[in-house]
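Please open the model in your viewer and keep the selection tool at hand. The tour below moves from one selection to the next and says what is there.

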Amino acid sequence: MPDATRRAARASASRRPVASYGDGVRFSEATAVRKVGESRYEGTVHDGGDIGGNANGGYLMAIAARAMADHAGRPPLTVTGHYLRPGPPGDCVIDVATIKTGRRIVTVRRFRRSTCRRRRG
């Protein structure tokens, strides 16, 4: 890539708006999870980024992927999901399990049912 093109790409990237949610939380913070057990994580589904009051599927997937990546110790190569019910704003619990570990690939899945508790108020 020529230097001028590289400089233009960097300048353009610095002007891009940072994605945030209705309560002003950045995406990196809105998808953060904390480990609370060997294979259990907690996070928060923030307001904003929703469709009709329920969180966008990609946003929910990002929260689950953060938990799975932390559990596996490496970033995901691919992620697939099926949504069985809407994800309301509130606290959530994600249980994960390692299915298979190889030299280059780790297969992790979210098991049982991840739960989201709607905020009161």
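How many residues lie between β1 and β2 in the hairpin that they form? There are four residues between these two strands. Before you select them, note that this is a predicted model, in which local features need pLDDT of at least 70 and side-chain atom pairs count only at pLDDT 80 or more, while totals for chains, interfaces and linings use all residues. Residues are numbered from 1 along each chain as its sequence is written, and side-chain values use heavy atoms, with hydrogens and water left out.

Select residues 33–35 and 40–45, which are strands β1 and β2, paired in the antiparallel sense over three bridges; strands pair if DSSP finds at least two bridges between them, and strands (E, at least two residues) and helices (H or I, at least four) are DSSP runs numbered from the N terminus. Within this pairing, Arg34 has Glu42 of β2 as its bridge partner.

Finally, turn to the aromatic rings, where a search of the whole structure finds one pair. Select Phe27 and Tyr59, whose rings are tilted, at 6.3 Å centre to centre and 55° between the planes; rings of Phe, Tyr and Trp (its six-membered ring) pair if their centres lie within 6.5 Å, and planes under 30 degrees apart count as stacked, over 60 as edge-to-face and the rest as tilted. The pair links distant parts of the chain, with Phe27 in helix α2 and Tyr59 in helix α3, 32 residues apart. Tyr59 is buried, at 2% relative accessible area, whereas Phe27 is partly exposed, at 34%; buried means under 20%, exposed over 50% and partly exposed in between, using a 1.4 Å probe and protein chains only.
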